[in-house]
Amino acid sequence: MGRNTNKAERNYKFATEMAYKFLIDENITSFPIDIFKITKKHKWSITTFEQIANDLNISYEMLKASLDDAWGTVHYNGINYAIAYDNMLCKGAQYFTILHEIGHIVLEQLTEEGCIKIHANKIISGDPEVYKKMEDEANCFARNVAAPIFLLDEIKHSLDAKYLVDCFKITQKAAKTRLDFTTTDRFYLSDINQSELIYNCSNFLSKLEKPDFLGEIYHQVIKDIDKRLCFNTTVKI
């Protein structure tokens, strides 16, 4: 799992491999994973934007404005990490945001020499391209933890974003991104033995329901009928 010496060049292979290692090290067996159990285990502080706003006696809107509308942030004081996230987001977005911030920690982006210094998503010092690289790698880590490519490969039928939302409790946007990057992420993990993760998650895989394609078509038909009815003042039965 080698690092890249060019600090602005994205190392998606490293981020993907570290996501897999994280799943094994944390003994993940089902999804969505219990992120609060993991933060507690590592003694990482985690709090909501709402709680910070209350502590500072300011409005949530003022806090969001001060953070340039960020969804989350992570800080390192030389000893430990503190994660804050926007609890006003939908559950799926909160989940992915926390995984993204954990990605910054696991990828050691806040401790490596020459790392860009940031406050929320405001650049204080360093190369802006390094900041963008950190964000892209943390997103890569998060999607590979949220919906591992090896598990998707074990699902023996066609996948769509809605099915991934139902199975892994991620957002529609995250599910679409997961599908868009299946080929590249699979390539980055080509030299990793997938058997341990698949074995650990075998019970989770066995409980997955096959998508109800006929049921989905039925709902689409009903929607189409309803839409057509809207254009008719009189409905004949």
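1. Let's start with a cysteine. Cys167 is buried, since its relative accessibility is 9% and the cut-off for buried is under 20%. Keep in mind as you read that this is a predicted model.

2. If you're wondering about bonds between cysteines, a disulfide is a covalent bond between the sulfur atoms of two of them. How many disulfides does a search of the whole structure find? The count comes back as zero.

3. Now have a look at the nonpolar core. The largest one has 56 residues, and the members that touch the most others are Phe31, Ile33, Ile102 and Phe168. Helix H1, which covers residues 12–25, gives this core its largest share, with eight residues. A separate core of six residues lies apart from it, and Phe49, Leu63, Ala70 and Ala84 are among its members.

4. Leaving out residues up to four places away in sequence, Phe168 touches Phe31, Pro32, Tyr95, Ala146, Ala147, Pro148, Leu151, Leu152 and Phe204.

5. Next, a pair of helices. Two packed helices are described by the angle between their axes and the distance between the axes. For H5 (residues 91–106) and H6 (residues 128–146), the axes come within 8 Å and cross at roughly 120°. The H5–H6 crossing is right-handed. On the H5 side the contact includes Tyr95, Phe96, Leu99 and Ile102, and on the H6 side it includes Met134, Ala138, Phe141 and Arg143. Sorted by type, the residues of this contact are 11 nonpolar, four polar and two charged.

6. Beyond residues up to four places away in sequence, Arg143 touches Phe96, Pro148, Thr177, Arg178, Phe181 and Asp185.

7. Finally, compare that with a lysine. Lys13 belongs to helix H1 and counts as partly exposed because its relative accessibility is 32%, while the partly exposed class runs between the buried limit of 20% and the exposed limit of 50%. What does Lys13 touch, not counting residues up to four places away in sequence? The partners of Lys13 are Tyr188 and Asp191. Here's one to check on the model yourself: Lys13 and Phe141 are 128 residues apart along the chain, yet their C-alpha atoms are separated by 9.8 Å.

Technical notes: Residues numbered from 1 in each chain as written. Predicted model: local features only at pLDDT ≥ 70, side-chain atom pairs only at ≥ 80, totals over all residues. Heavy atoms only, no water. Axes fitted to C-alpha atoms, helices over the stretch in contact; angles between N-to-C directions. Helix = DSSP H or I, 4+ residues; strand = E, 2+ residues; numbered from the N terminus. Left-handed = near helix turned anticlockwise from the far one by under 90°. Contact = heavy atoms within 4.5 Å. Nonpolar A, V, L, I, M, F, W, Y, C, P; charged D, E, K, R; others polar. Core = buried A, V, L, I, M, F, W, Y, C linked by side-chain atoms within 4.5 Å. Buried < 20%, exposed > 50% of the residue type's maximum accessible area, 1.4 Å probe, protein only. Disulfide = S-S within 2.5 Å.
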